[in-house]
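I opened my notebook to look up a few things in one chain.

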Amino acid sequence: MSRQSMRANDPKKVSGELFTLTYGSLVAQLLKDYENVDDVNRQLERMGYNIGMRLIEDFLARANPGRCYDLRDTADKIQQAFKLYLGVSPSIGSWSPGGDEFSVVLETNPMAEFVELPDHCLGLRYSNILAGVIRGACEMVQLEVMAWFIADQLKGDNVTEIRVKFVKRLEDAIPAGED
């Protein structure tokens, strides 16, 4: 069976490859639009944040994950979301002694499947959109977190690792004048 016909039979594989190629085009355009790699990193995180704010509703409807009672429950839901939307199951670990920080570790990063960073882009956090998605989704369920990359396969690391740190629980804000 040819490689071409195998792809045609697996729509998830085709759509996953289309997503990674489309994402690569987005990053390439951002690199053209912004001369500074740090600005591109900020734009990717901001885009991810906006996606996460919208994606959480779909995740809650599709996965019916139930209520999170602590950060460990939240980490499990993040793991479920990676499986649902990217088709990979990251490991969750490296918990801080206080239980307020953990790592999401991807053995393979599907977003970086067809990517090689040129020398002038070594400071680029290519998959920074993922850190933004985590931050935006958590904010929509009343958790303020920080998320950042500490390892990246595109930079020669064995795995891609995103660190997530709990900052605070957000309170529902009622607009002034409404009770």
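What follows are my entries on the chain and on two of its residues.

**Ground rules.** I worked with a predicted model, where local features need pLDDT of at least 70, side-chain atom pairs count only at pLDDT 80 or more, and totals for chains, interfaces and linings use all residues. Residues are numbered from 1 along each chain as its sequence is written, and side-chain values use heavy atoms, with hydrogens and water left out.

**The chain.** I found 5 helices and 4 strands. These are DSSP runs, numbered from the N terminus: helices are H or I with at least four residues, strands are E with at least two. From the N terminus, I read the order α-α-α-α-β-β-α-β-β. Of the 179 residues, 37% count as buried (under 20% relative accessible area, 1.4 Å probe, protein chains only; exposed is over 50%, partly exposed in between).

**Pro90.** I located Pro90 in the loop between helix H4 (71-86) and strand E1 (91-93). Pro90 is buried, at 1% relative accessible area. I then listed its contacts (heavy atoms within 4.5 Å). Leaving out residues up to four places away in sequence, Pro90 touches Gln79, Phe82, Val104, Val105 and Leu106.

**Asn41.** I looked in helix H3 (residues 37-63) and found Asn41 there. Asn41 is buried, with 1% relative accessibility. What do polar atoms of the Asn41 side chain lie close to? One lies 3.1 Å from the backbone oxygen of Gly123. The backbone nitrogen of Arg125 lies 2.7 Å from a polar atom of that Asn41 side chain. Beyond neighbours within four places in sequence, Asn41 contacts Gly123, Leu124, Arg125 and Asn128.

Definitions and conventions:
Polar contact = N/O pair within 3.5 Å; in protein donor to acceptor, adjacent residues only side chain to side chain.
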